[in-house]
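Please keep the sequence and the structure in view while reading.

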Amino acid sequence: MTSRTENLNVVGIDRMATPAEIKERVPMTERAAESVLAGRRALVDILERRDPRLFVIVGPCSIHDPVAGMDYARRLLALSAEVRETLCVVMRVYFEKPRTTTGWKGFINDPRMDDSFRIEEGMERGRRFLKDVAELGLPAATEALDPIAPQYYGDLVSWTAIGARTVESQTHREMASGLSTPVGFKNGTDGSLESAVNGILSASHAHSFLGLNENGVSAIIRTRGNAHGHLVLRGGGGRPNYDTVSITLAEQALTKAKLPCNVVVDCSHANSSKKPELQPLVMRDVVHQVREGNRSIVGLMIESFLEAGNQPIPADLSKLRYGCSVTDACVDWSTTETMLRQAHEVLRGVLPTRRAA
Ligand SMILES: O=C[C@H](O)[C@H](O)COP(=O)(O)O
Ligand SMILES: C=C(OP(=O)(O)O)C(=O)O
């Protein structure tokens with residue numbers, strides 16, 4: 001009998017390839033695994049103060065064009081080699097976009113950007129992109145939004161964010177407790193730290209929750225807890241929170257919760273009122289705080305692409321501007337080079353002291 005009580009608002013349920021099937025199409029390689037693991041090791045070493053460098057999560061707000069994305073990755077690889085003595089560079093590879101209300105939800109959800117929502121295609125191409133980046137020798141960072149998605153591509157990621165819109169969600173904290181990467185918890189969109197601090201605490205514990213196994217079968221996922229959660233300050237409530245007073249308040253909140261004092265500053269979002277031209281100012285200020293002796297700042301985030309700014313998604317996709325964001329506005333490539341090189345110059349003189357501390 002057709003149920004009169006369920007799926008009333010569901011118009012279709014399509015079969016989707018399982019994590020195992022997608023991994024078979026895009027298998028992990030030795031070289032890719034090496035760079036994923038090297039990235040995770042470096043990040044853990046920074047978080048545990050065995051490595052005095054800062055890490056920088058830098059890249060487009062979202063990947064929409066794998067060709068431009070790989071063009072960016074190759075340039076970033078060369079730049080990361082130049083600054084490696086002071087900065088551990090991780091490419092931002094964001095495929096899942098949380099929206100305030102509606103909008104394009106990222107490459108996995110709608111890879112063709114035409115509302116055809118070919119999620120299986122997006123998942124396979126997204127995994128392939130991550131693998132290509134890893135094979136170049138660059139570690140990747142992403143936001144974990146869909147709780148099932150990490151089964152499909154989490155093995156290719158070195159750093160994960162829980163975003164400002166989901167940091168209070170139990171589902172996301174449970175997922176983070178099982179992720180194999182260090183996880184940055186962003187402060188809420190209202191600027192409050194409490195949800196992020198609670199998120200780090202929650203995810204550090206073991207959880208059992210519903211999920212899917214490799215073969216797409218409903219499963220109870222039992223996790224160990226994630227020991228490498230840390231706070232990401234992205235501003236909020238109409239105010240930035242990267243200044244020395246805000247950083248001190250963040251340190252106090254972490255200490256009160258008996259958590260390690262590890263703070264990452266996102267130069268974008270509410271820390272720069274989403275104005276990309278302000279990101280270099282935020283970065284310079286934060287790097288100077290490190291130069292002045294701050295010990296809790298371990299990393300930075302930058303939204304950067306080949307071209308500055310952003311563009312709406314046109315109905316005729318041939319009109320898309322190459323290398324320009326279709327979500328948040330980014331700094332361009334030459335600004336990115338300047339930002340990283342200037343930070344590198346300042347930090348060169350400082351790291352021996354951090355190492356000694
Ligand atoms: O970083 C990306 C955006 O800030 C986030 O996805 C929210 O976007 P929206 O407010 O344009 O929906
Ligand atoms: C959505 C993002 O950030 P936040 O969660 O800080 O808004 C992002 O970095 O893409």
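## Terms and the annotated span

Helices (H or I, at least four residues) and strands (E, at least two) are DSSP runs, numbered from the N terminus. This is a predicted model, in which local features need pLDDT of at least 70 and side-chain atom pairs count only at pLDDT 80 or more, while totals for chains, interfaces and linings use all residues. Residues are numbered from 1 along each chain as its sequence is written, and chains are lettered from A and ligands numbered from 1 in the order in which they are written.

An unreviewed UniProt entry carries the annotation "domain: DAHP synthetase I/KDSA" for residues 45–340; such positions are given in the numbering used here, feature names are shortened, and annotations may be inferred rather than shown by experiment. The span of residues 45–340 is 32% helix and 17% strand, and its end C-alpha atoms lie 20 Å apart.

## Helices α3 and α4

The axes of helix α3 (residues 66–83) and helix α4 (residues 119–136) come within 10 Å and cross at roughly 20°. Here axes are lines fitted to C-alpha atoms, for helices over the stretch in contact, and angles run from 0 to 180 degrees between N-to-C directions. Angles under 35 degrees count as roughly parallel, over 145 as roughly antiparallel, 65 to 115 as roughly perpendicular and the rest as oblique, and α3 and α4 are therefore roughly parallel to each other.

On the α3 side, the residues that meet α4 are P66, G69, M70, A73, R74 and L77, and their partners in α4 are R125, F129, D132, V133 and L136; two residues are in contact if their C-beta atoms, placed from the backbone, lie within 7 Å.

## Helices α6 and α7

Helix α6 (residues 170–178) and helix α7 (residues 194–203) have axes that come within 8 Å and cross at roughly 50°. That angle makes α6 oblique to α7. The contact is made by R173, A176 and S177 of α6 together with G199, S202 and A203 of α7.

## Surroundings of the ligands

Which residues surround ligand 1? They are C61, K97, P98, R99, T100, G103, T327 and D328, where a residue is near a molecule or strand if its C-beta atom, placed from the backbone, lies within 6 Å of it.

Around ligand 2 lie C61, Y94, P98, E143, G163, A164, R165, K186, R234 and H269.
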